[in-house]
Amino acid sequence: VIMSSVKMLQPRLENILFKLTFEEHVNNIKPSIIAVTLACEELKKSESFNRLLELVLLVGNYMNSGSRNAQSLGFKINFLCKIRDTKSADQKTTLLHFIAEICEEKYRDILKFPEELEHVESASKVSAQILKSNLTAMEQQIINLERDIKKFPETENQHDKFVEKMTIFTKSARDQYEKLFTMHNNMLKLYENLGEYFIFDSKTVSIEEFFGDLSNFRTLFLEAVKENNKRKEMEEKTRRAKLAKEKAEQEKLERQKKKKQLIDISKEGDETGVMDNLLEALQSGAAFRDRRKRIPRNPDNRRVPLERSRSRHNGAVSSK
């Protein structure tokens, strides 16, 4: 019953809801405008990205030499994402990996472009249509609020501060909207200039599509750099393992060779020692002194002293 007595209840509730959610609307629109604006400025100022485009064009013209695409003056930005579709003969690397490797070896200043285009990813998530629709809806709600304030009848209740408070809010909301509107127009102008700079139609190529391609290429390039580094680490690891294996085999062969030499030296030393001892024994007569004299045995196996005598018998010499 009490609410039914409130004048213009529905417009009041709608405008109160708009006031409560106004800050949320601003926070949904403003960051998107700033992201696209910064992305446009970064892309236009990035020297490293311009040098990357030169390198891609140079490599492309070299690969297309002799064909109808030779000596091309430029290419579309969305072609950057197609670079990885060109693969090497062994299908292990792509043209993008090759370009990233050239940048690492000879043009390291180009590697800075992902850092210089830090707002490209957030800009790729901005829909120009939704952004414009939100701004239009905000403006319409402000217009409705201004109209309703003028239509509100004077109230006899001194506690009814709706018109007073909403008038203050309307002025603040109008100021913020005008700032967002100006920022949005500036953003569109920057994007149009970007279309002229990179030779594409900004009216047919949406903000989301253009920065989406750039964001994808930025991600692919960073992945290619990481994959190149990982491949080099694996190659270095394989090379070290091969060298270690070869070194171990060489050391093994050397140990076997030394062992064989020691065995040969030991054998040669033993034989030389035996011969030396034998010659020394022969020279000194020790070999004869140490041997026992042999005593002949008689047929009866009895020992008899050896007597030597000489007797002549028929001109023969005999001995007993």
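Leucine 13 is located in helix 1, which spans residues 9-45 (helices are DSSP runs of H or I of at least four residues, numbered from the N terminus). The model is predicted, so that local features need pLDDT of at least 70 and side-chain atom pairs count only at pLDDT 80 or more, whereas totals for chains, interfaces and linings use all residues. Residues are numbered from 1 along each chain as its sequence is written, and side-chain values use heavy atoms, with hydrogens and water left out.

With a relative accessibility of 47%, leucine 13 is partly exposed (buried is under 20% relative accessible area, exposed over 50%, partly exposed in between; 1.4 Å probe, protein chains only). Leu13, Ile16 and Leu20 make a nonpolar surface patch of about 300 Å² (residues with over 30% relative accessible area and no salt bridge, nonpolar side chains being joined within 5 Å).

Nine salt bridges were counted (a side-chain nitrogen of Lys or Arg within 4 Å of a carboxyl oxygen of Asp or Glu). In one of them, glutamate 146 pairs with arginine 174 at a closest N to O distance of 3.2 Å. Because glutamate 146 belongs to helix 6 (residues 128-151) and arginine 174 to helix 7 (residues 162-197), this pair ties together parts 28 residues apart in sequence. Glutamate 146 is partly exposed, at 26%.

Within helix 7, aspartate 175 and lysine 171 are four residues apart, about one helical turn, and their side chains form a salt bridge at 3.7 Å. Lysine 171 is exposed at 56%, while aspartate 175 is partly exposed at 39%.

Methods: Patch = residues over 30% accessible without salt bridge, like charges linked within 9 Å, V, L, I, M, F, W, Y side chains within 5 Å. Areas by Shrake-Rupley, 256 points an atom, 1.4 Å probe, with all protein chains shown as cover. Helix = DSSP H or I, 4+ residues; strand = E, 2+ residues; numbered from the N terminus.
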